[in-house]
Amino acid sequence: MASRKSGANPTLSHGAYTHCRTKIVDLRNLKLPMDTGADDDIGASFYTKYSPQVPFPVLADFLLAIHTLRTGLAPPVAFPTETVYGLGADATRSQAVQGIFDAKNRPSDNPLIVHVSTLSQLRSLLNRPIPEIYQPLVEKFWPGPLTILLPLPDPNPFAPEVSCGRDTVGIRMPSTPLARLLISLVGKPLAAPSANASSRPSPTTAQHVKEDLDGRINFILDGGPCQVGVESTVVDGLCDPPEILRPGGIGIEQIRALGGKWANTVMIQSHHHPPHKPSSSSSTTTNDRREPNLHTSVNGDIQSSLASTPRAPGMKYKHYSPKARVILFQPNTDPETGGQYIEKLALESSSSHPHIGLVTTANWTLFAGLLVSPISISTAADENDDDDHHHHHVALIPSFLTAGRLQVFFSSSADGKEAKTCTIYNVHLPTPAQLARHLFAAFRTLDHLSCDVVLVEGIPDDADHLAGAVMNRLLKAAELVI
Ligand code: TXA
Ligand code: MG
């Protein structure tokens, strides 16, 4: 099954698995207890209480997935968490962890987060207490979308590939019961990055994982769509002041509210900055309003951030990108600016019938106020795309997706009436929580609808505890900020 090793990871020994029959194991009907505490072991009562809830063939697949994780010799297994789907392997075995890097084509210097199911499991791995400083975080946010950096235990039970040469290990206790059940039944901590192919948008459904990793892994455990939709917040409390290395499901203000040292928590800035172009719009309505500067509000001082070393190594890579070009509009940009930009893109497009994606959020109305003739998604899909999988993907976020047809006119023609038609696919996600939950799915859907450009209305990064994380992902995905 093992093929030649992948070029991206020259240190790896066995290479990617390439002939797997990737199977989605439907565990959506498993009714596990929600809101369990950080010490509760969901796995303890699985065979007596919960296993009869799923049909035997499904149970058999699940047990096989658990078995392959235990052997450490088989491909990693994808599983749901509250943030995004993870690609898990036994964190204590090198070969198992290497399988993750191979399946994702992940750069070999980007460390992995280790997932535990209970505090007692973590304590037994550490061989010493969890540093005092983390006490309030663990109490307040675990299980949940928070990853903390701990000093590497001595002796270190984790495979060296987990930390990639760092003297810390990132640990997280997910809140999704299925994730904790899996970890508990495997009986090992699971190293797990997001289960996308490297640089693609993170997967928030089992189908997204299949899109990216089909043939490269055997099992995708399906627990339904992820609730949070952006990854965990990665926090380093070992330094003073504490640092957020990656914004995520827990907001900086929630952490600062813990008080003490945490009150001074700072955000460490990422390295990928898309070019920033001031709006070329002729609109003057926003001139007297203070325009929030995206790079100041989201990224802090751009100069100092460029000078600093990336502390979360993942931040230096281009990330989260759909195939389409992403153009991000600063929060509070006038919708007309977006509308004018769509017309300009449609006219300049080399295609005779361009498809343009639009993600509207807090303020923009549908189609950024442009006059479009509404069309049904299936009409648009039938006419413009022969991708078989199409309807399936569109179905993922149906209630948020609208399509419309726009006529744009070339002013160069003699009577100014020479026209071109473009189709706009508008995903409307008005609240920060909806934007976080569905952003990656929106990117994937708009790709399937053959959009070659996606315009996104940004939101102020302090609009909500998830807003900073969403804007961080958007800035990384964006080719241009307007
Ligand atoms: O929500 C999440 O965190 C998801 C789910 C599956 O749990 N996982 C995830 O993993 O997003 P990944 O590999 O896509 O991102 C992990 C991030 C990367 O930016 C990585 O560089 C950083 O965490 N990281 C992990 N261990 C680290 C360490 N020891 N020091 C600094 N950064 C670390
Ligand atoms: Mg990732």
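Asp61 counts as buried in this predicted model, because its relative accessibility is 15% and the limit for burial is under 20%. The residue Asp61 lies in helix 2. Apart from neighbours within four places in sequence, Asp61 is in contact with Lys23, Val25 and Phe219.

Helix 2 (56-71) also takes part in the lining of the largest cavity, where helix 2 and strand 3 (86-90) are the elements that give two or more residues. The structure holds one cavity of 30 Å³ or more, and the space in the largest cavity comes to about 30 Å³. Its lining consists of Thr68, Leu69, Gly72, Ala74, Pro75, Pro76, Ala89, Asp90 and Ala96. By residue class, the lining of the largest cavity comprises six nonpolar, two polar and one charged.

Across the protein as a whole, the secondary structure amounts to 16 helices and 18 strands. Of the 482 residues, 58% count as buried. Among contacts with a separation of 6 or more, 74% are accounted for by residues 24 or more positions apart.

Seven strands form an open sheet with mixed pairing, in the order 14-15-16-13-17-12-18. The edges are taken by strand 14 (373-375) and strand 18 (480-481); each has a single partner strand, so one side of each is left without a neighbour in the sheet. Within this sheet, strand 13 (residues 355-360) and strand 16 (residues 418-428) run parallel and are joined by six bridges. Ile356 has Ile424 in strand 16 as its bridge partner. Helix 16 (residues 467-477) packs on the sheet and touches strand 12, strand 17 and strand 18. The direction of helix 16 makes about 130° with that of strand 12. Helix 12 (residues 335-348) lies across strand 12 (325-329), strand 13, strand 15 (401-410), strand 16, strand 17 (453-457) and strand 18. The angle between helix 12 and strand 15 is about 65°.

Strand 6 (residues 168-172) is mostly covered, with five of its five residues buried. In a regular strand, side chains alternate between the two faces of the sheet. Both faces of strand 6 are covered, with Thr168, Gly170 and Arg172 buried on one side and Val169 and Ile171 buried on the other. Strand 6 runs parallel to strand 4 (residues 113-115), to which three bridges join it. In that strand 6, Arg172 is the bridge partner of His115. With strand 5 (residues 146-151), strand 6 pairs in the antiparallel sense over five bridges, and Ile171 in strand 6 is the bridge partner of Ile148.

A cis peptide bond with omega about 0° joins Asp154 and Pro155. Pro155 is placed in the loop between strand 5 and helix 6 (160-163). The peptide bond from Asp240 to Pro241 is also cis, with omega near 0°, and Pro241 lies in the loop between strand 9 (233-236) and strand 10 (243-246).

Asp35 is not a glycine, yet has a positive phi of about 50°. Asp35 is found in the loop between strand 1 (23-26) and helix 1 (46-50) and is exposed, with a relative accessible area of 78%. A positive phi of about 70° occurs at Asn332, which is not a glycine. Asn332 lies in the loop between strand 12 and helix 12, and counts as partly exposed at 28% relative accessibility.

Conventions: Residues are numbered from 1 along each chain as its sequence is written. Chains are lettered from A and ligands numbered from 1 in the order in which they are written. This is a predicted model: local features need pLDDT of at least 70, side-chain atom pairs count only at pLDDT 80 or more; totals for chains, interfaces and linings use all residues. Side-chain values use heavy atoms; hydrogens and water are left out. Two strands pair if DSSP finds at least two bridges between them. Helices (H or I, at least four residues) and strands (E, at least two) are DSSP runs, numbered from the N terminus. Contact means heavy atoms within 4.5 Å. Axes are lines fitted to C-alpha atoms, for helices over the stretch in contact, and angles run from 0 to 180 degrees between N-to-C directions. On a 1 Å grid over the protein atoms alone, a cavity is a set of points where a 1.4 Å probe fits but cannot get out, and a pocket is an open set with protein on both sides within 12 Å along at least five of seven lines; lining residues have an atom within 4 Å of a point. Grid points are joined across faces, edges and corners, and a volume is the space filled by probe spheres set on the points. Ala, Val, Leu, Ile, Met, Phe, Trp, Tyr, Cys and Pro count as nonpolar, Asp, Glu, Lys and Arg as charged, and the others, Gly among them, as polar. Buried means under 20% relative accessible area, exposed over 50%, partly exposed in between (1.4 Å probe, protein chains only).
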